[in-house]
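Q: Could we go through this model together? I would like to begin with the metal site and then move on to the fold.

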Amino acid sequence: MNITHHFDDATLMAYSAGSLPQGMALLVACHLHWCPHCRERSEQTDAIGGALLNQLAPTRLNDDALNAVLARLDEPEQEFASVKHDTVSSAAAAELPAPLAQMLGKPIDQLPWKRIGYGVRQLDLELDGPGATRLLRISPGVSVPHHTHGGNELTLILRGSYNDEIGRFCMGDVADLDDDVSHQPIVDTNEDCICLIATDAPLKFSGLMGRLVQPFIGL
Ligand SMILES: [Zn+2]
């Protein structure tokens, strides 16, 4: 896999700090599974966060702080997905990054895709937190309507490729976009492009086609 598009430093810092919404954290974990370059960067941001914590002046805790921490240790660990499969098909494990394969349990072609028109199918992933997380499956030659973002949008390419105003994105690449970017991805090979997309706010579509599909894609 030849990955050429990576996360911004700010995204990796937010991931290290645990402040990303659940879907965006899932997407970062998936890219890290595939990308040694970002794994190394993520270890550095973890270290920076630890160093900053060490420099903070100590403050006095409430008397019950220790008990509160011990009680939280007994709570079940947060899962990325509301559905976590005990068995993951080998086909899913071969084509998907481990956190997503574990959550979906089956390969891409066996998922319950929902057709939303214009050569686009989607599968919503019901995760906690603000924004939305979904898989999009876009047919060759189809473009997603021109849109800007009310917040941040992360996209991870799982299969195929697309082109937009920023560049060409292939399997393993991430697009890390903030709210001042407007773009219109178009699938540029004869293979479906399948992406994992996580946002922390609804997308804003522009133009007539955008207004038509907004009820289906936007939240
Ligand atoms: Zn990377």
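This is a predicted model: local features need pLDDT of at least 70, side-chain atom pairs count only at pLDDT 80 or more; totals for chains, interfaces and linings use all residues.

Q: Which residues coordinate the zinc ion?

A: The donors are His6 through ND1, His31 through NE2, and Cys35 and Cys38 through SG. The distances run from 2.1 to 2.3 Å.

Q: And what is the geometry of the site?

A: The site of the zinc ion is tetrahedral, with angles of 98 to 125° among its four donor atoms. For four tetrahedral donors the ideal angle is 109.5 degrees.

Q: How are the donor residues spaced in sequence?

A: The pattern is H-x24-H-x3-C-x2-C.

Q: Is His31 buried or exposed?

A: His31 is buried, at a relative accessible area of 0%. His6 counts as partly exposed, with 23% relative accessibility.

Q: Changing topic: how many disulfides are there?

A: The count is zero.

Q: What about Cys193, then; how far is its sulfur from the closest cysteine sulfur?

A: The closest cysteine sulfur belongs to Cys195, at 3.7 Å, which is too far for a bond because a disulfide needs the two sulfur atoms within 2.5 Å. Cys193 is buried, with a relative accessible area of 0%. Cys30 is also buried, at 0% relative accessibility.

Q: Back to H1. Which residues are buried there?

A: Thr11, Leu12 and Ala14 are buried in H1. Seen down the helix axis, the buried residues of H1 fall within an arc of 160°, so they line one face of the helix. Asp9, Ala10 and Ala17 are exposed on the other side.

Q: What do the buried residues of H1 pack against?

A: They pack against H2, helix H3 (36-55), strand S5 (153-159) and strand S8 (174-177). Just after H1, Gly18 takes a positive phi of about 75°.

Q: In what order do the strands of the sheet run?

A: Six strands form an open, antiparallel sheet in the order S1-S2-S3-S10-S5-S8. Strand S1 (114-115) and S8 stand at the edges with a single partner strand each, so one side of each has no neighbour in the sheet.

Q: How many bridges join S5 and S10?

A: S5 pairs with strand S10 (residues 193-199) over six bridges, in the antiparallel sense. Arg159 stands opposite Ile194 in S10.

Technical notes. Residues are numbered from 1 along each chain as its sequence is written. Side-chain values use heavy atoms; hydrogens and water are left out. Donors are N, O and S atoms within 2.8 Å of the metal (3.2 Å for Na, K and Ca); water is not among the atoms, so sites may look incomplete. Four donors count as tetrahedral if all angles lie between 85 and 135 degrees; four count as square planar and six as octahedral if opposite donors are over 155 degrees apart and all others between 65 and 115; anything else is irregular. Buried means under 20% relative accessible area, exposed over 50%, partly exposed in between (1.4 Å probe, protein chains only). Helices (H or I, at least four residues) and strands (E, at least two) are DSSP runs, numbered from the N terminus. The arc is that of the directions from the helix axis to the C-beta atoms. Contact means heavy atoms within 4.5 Å. Two strands pair if DSSP finds at least two bridges between them.
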